[in-house]
Amino acid sequence: MITHSKRYRTARDVADLTKAYPLKDAVALLARMPKAKFDETVELSIKLDVDPKQSAQMVRGVVNLPKGSGKKVRVLVFTDSPADALAAGADFAGLGELITKIESENFLGFDVAIATTAAMKEVRKLARILGPRGLMPNPKTGTVTDNVVNAIKDIKLGGRVEFKMDKTANVGVVVGKRSFTAEDLVENINTVVDAVHKARPNEIKGKLVKSMTICSTMSPGIKLDPAIFSSF
C-alpha cells in the first residue's frame, strides 16, 4: 500500500487529482497547494503519442519563454576567443583546457554549452560525456553558432529552454517558478504548447499528444483539460 506524505494529502484536498482542468484553473489550483521553503520550479509534463524507438519521430526543440524561467543559467562557451565570451557574460570560456577539464575531471558545472563552428571539431570528442546529459552543443538548438555574444545573452535572460523527448515518449519543460504570477505561468505554458506543436515530426499524421500535467517541485501533478492540445 502506498503511503503519501502529509504535503501530498493536503494537496489532494485542494484538487481532485483524477480530474483534468482548464489551464487557468490548473494554475490556480497549483497556487493553493502547500509550498516548500524554497521557490519551487514549475514544470509542464507532456506524454506524446509517438514511438520513441523511431528516430524519425523524435520531438525536440527550443522555446523562448516570454516571462523567463526564473532560473540562473550557467553558460560555458567553447571558443578560441574566450575573452569576448566572458565579457558577454559566459561563466566559463575556452577550448583545449575546458575539454581536458571535462575529460579528466568530469567537470559539469554548467547548464548550457555553446560552441563556435570551428570549435566543434574538437568538442565532438566530448559527445559521449555531454550527449547523455543534454549538454552537447547542437546547431538545431542554436548552441553551435558564430554569434556567441547574442547566444549568451539570449540564454542568460533565462527564457531559453530546450526540450527533448525521453525514451518513454515524455517531455518535461520548465515553465517558471511558484513565485510567478498565474498570468505569467499561463503565458509561458501556452508558449511551450505551441512550440511542441511546431516540433511535430513530419512522420506523425495523427494525434501527437496523449496528455499534459503541470506540477511544482514538491507538488503532485495536475492534469490539463485535453482541449488545450486536442487540435494536435
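Mentor: Two strands are taken to pair if DSSP finds at least two bridges between them. This is a predicted model, and every value below is computed from it.

The part to look at is an open sheet of three strands, in the order 5-4-6 and with parallel pairing. Strand 5 and strand 6 are the edge strands; each has a single partner, so one side of each has no neighbour in the sheet. From one strand to the next, the twist averages 15°. Strand 4 covers residues 75-78 and pairs with strand 5 in the parallel sense over three bridges. Phe78 has its bridge partner in strand 5, and that partner is Gly94. In general, the strands of a sheet pair through backbone hydrogen bonds, either parallel or antiparallel.

Helix 7 lies across strand 4 and strand 6, and it runs at about 165° to strand 4.

The structure holds two aromatic pairs. In one of them, the ring centres of Phe92 and Phe107 are 5.1 Å apart and the planes stand at 80°; planes over 60 degrees apart count as edge-to-face, so this pair is edge-to-face. Phe92 is in strand 5 (residues 92-94), while Phe107 is in the loop between helix 4 (96-105) and strand 6 (112-115), so the pair ties together parts that are 15 residues apart in sequence. Phe107 also forms an aromatic pair with Phe110, this one tilted, with 5.8 Å from centre to centre and 50° between the planes.

The loop between helix 6 (127-130) and helix 7 (148-156) holds Thr141. The relative accessible area of Thr141 is 6%, and because the limit for buried is under 20%, Thr141 is buried. Its side chain is joined to that of Thr143 by a polar contact of 3.0 Å. Leaving aside residues up to four places away in sequence, Thr141 touches Arg60, Val62, Arg160 and Glu162.

For context, there is also an open sheet of five strands, ordered 1-10-9-2-8, where the pairing is mixed. Strand 1 (20-21) and strand 8 (170-177) stand at its edges with a single partner strand each, so one side of each lacks a neighbour in the sheet. Strand 8 pairs with strand 2 (residues 41-48) in the antiparallel sense over seven bridges, and Ser45 has Gly172 in strand 8 as its bridge partner. Helix 8 (residues 182-198) lies across strand 2, strand 8 and strand 9 (209-216), at about 155° to strand 8.

Terms used
Residues numbered from 1 in each chain as written. Predicted model: local features only at pLDDT ≥ 70, side-chain atom pairs only at ≥ 80, totals over all residues. Heavy atoms only, no water. Helix = DSSP H or I, 4+ residues; strand = E, 2+ residues; numbered from the N terminus. Contact = heavy atoms within 4.5 Å. Axes fitted to C-alpha atoms, helices over the stretch in contact; angles between N-to-C directions. Buried < 20%, exposed > 50% of the residue type's maximum accessible area, 1.4 Å probe, protein only. Polar contact = N/O pair within 3.5 Å; in protein donor to acceptor, adjacent residues only side chain to side chain. Phe/Tyr/Trp six-rings, centres within 6.5 Å; stacked < 30°, edge-to-face > 60°.
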